[in-house]
Amino acid sequence: MKTIIAGVDFTQSSYNAALYAAMLAEKLKCKLTLFNMFDVPMIHSNSGLYYMSFSSLRDNSSAKLEKFHEKIIAEFPKLNIEYFVATGSFKNEISSFVKAHQVQLVVLGLAAKNRFSKFLYGSHSTDLAGKIDAPVIIVPEQYKKHAMKKVLMGVDNGEKLHKSSLKQLEIFLKSTRAGLQLVHVRTEDELFDHTKKGHLTINSKKIPVQVINEVNLERGMRKYTLENKADLISIISRKHSVFYSLFNESNTKAIAFASKIPVMAIHE
């Protein structure tokens with residue numbers, strides 16, 4: 001059975017993201033797996049060795065996750081929901097789980113941060129986006145609507161998209177029955193004038209690309225999202241872009257922090 005993973009750290013942000021993941025699991029007919037990485041603190045002591053029980057830390061995390069699991073089940077009683085805990089590298093553990101199971105999506109919360117801390121804050125959500133072999137959805141803490149009627153996809157008119165990247169989006173759109181709009185944000189520093197409207201064929205339908213002008217990518221995506229009442233922003237997170245790097249890591253983070261709705265990063 002296909003699986004959606006929801007990362008849990010017992011914050012309000014991760015609870016909100018887990019509820020969003022459960023909503024998607026129902027729509028996509030997937031199992032939901034709640035995943036927690038518990039921390040093993042590093043303690044330095046001048047008085048000698050400090051003994052810490054690894055098993056007690058794991059048991060404590062498991063107990064908290066079980067209660068968290070019960071709260072999600074109460075909201076979605078018919079959904080198949082499992083959970084597990086682990087320690088180590090968050091990215092490595094998630095990557096291993098994705099490879100070992102039929103993972104459809106990874107859903108993570110993004111806590112609200114002030115403007116200054118966005119330059120310093122590195123969350124698992126934005127650090128993981130576009131780096132594993134499954135789409136990652138980043139859910140802002142303040143997003144409570146949890147709907148899936150319209151998806152907005154940002155595209156770069158100067159680059160070709162691989163069919164394999166679009167395949168995951170096509171499956172997602174079919175399963176959720178969500179509509180799709182395409183937009184290209186043209187900024188002042190863009191090398192080419194892509195004012196000519198193009199199109200992409202998604203699920204055998206030709207969808208036009210809307211071109212808008214804005215000072216930067218995150219402002220353009222946020223403005224267009226609000227005007228068109230989208231429920232999700234989708235981007236292809238690519239490793240290389242020859243001229244116009246719309247979907248590199250820094251811009252993925254900027255869009256995620258600026259967005260008021262969830263952002264789905266698909267690995268190219």
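This report describes the fold, salt bridges, cavities and selected residues of a predicted protein model.

## Basis of the model

Because the model is predicted, local features require pLDDT of at least 70 and side-chain atom pairs count only at pLDDT 80 or more, whereas totals for chains, interfaces and linings use all residues. Residues are numbered from 1 along each chain as its sequence is written, and side-chain values use heavy atoms, with hydrogens and water left out.

## Overall architecture

The protein has seven helices and 11 strands; helices (H or I, at least four residues) and strands (E, at least two) are DSSP runs numbered from the N terminus. Of the 268 residues, 49% are buried. Here buried means under 20% relative accessible area, exposed over 50%, and partly exposed in between (1.4 Å probe, protein chains only).

Among contacts (heavy atoms within 4.5 Å) with a separation of 6 or more, 79% are between residues 24 or more positions apart.

Helix 1 is mostly covered, with 14 of its 17 residues buried. Lys-29 follows helix 1 and has a positive phi, near 55 degrees.

Ser-61 lies in helix 2 (residues 54–75) and is buried, at 4% relative accessible area. Residues up to four places away in sequence aside, Ser-61 touches Phe-10, Asn-36, Phe-38 and Val-85.

## Salt bridges

The structure holds four salt bridges, each defined as a side-chain nitrogen of Lys or Arg within 4 Å of a carboxyl oxygen of Asp or Glu. Glu-82 and Lys-31 form one of them, at 3.4 Å from N to O. Since Glu-82 lies in strand 3 (residues 81–86) and Lys-31 in strand 2 (residues 31–37), the pair ties together parts that are 51 residues apart in sequence. Glu-82 is partly exposed, with a relative accessible area of 37%, whereas Lys-31 counts as buried at 15%.

Lys-145 and Asp-231 meet in a salt bridge at 3.3 Å, N to O. Lys-145 is in the loop between strand 5 (136–140) and strand 6 (150–154), and Asp-231 is in the loop between helix 6 (217–228) and strand 10 (232–237), so this pair ties together parts that are 86 residues apart in sequence. Lys-145 is exposed, at 56% relative accessible area, while Asp-231 is buried, at 3%. A salt bridge of 3.4 Å, N to O, also joins the side chains of Glu-214 and Arg-219. Glu-214 is buried, with a relative accessible area of 13%. Through shared partners, salt bridges join Glu-214, Arg-219 and Lys-223 into one network.

## Cavities

A search of the whole structure finds two cavities of 30 Å³ or more. On a 1 Å grid over the protein atoms alone, a cavity is a set of points where a 1.4 Å probe fits but cannot get out, and lining residues have an atom within 4 Å of a point. Grid points are joined across faces, edges and corners, and a volume is the space filled by probe spheres set on the points.

The second largest cavity has a volume of about 40 Å³. Its lining consists of Met-221, Arg-222, Thr-225, Leu-226, Ile-233, Ser-259, Lys-260 and Ile-261. Helix 6 gives the most to this lining, with four residues.

Conventions:
On a 1 Å grid over the protein atoms alone, a cavity is a set of points where a 1.4 Å probe fits but cannot get out, and a pocket is an open set with protein on both sides within 12 Å along at least five of seven lines; lining residues have an atom within 4 Å of a point.
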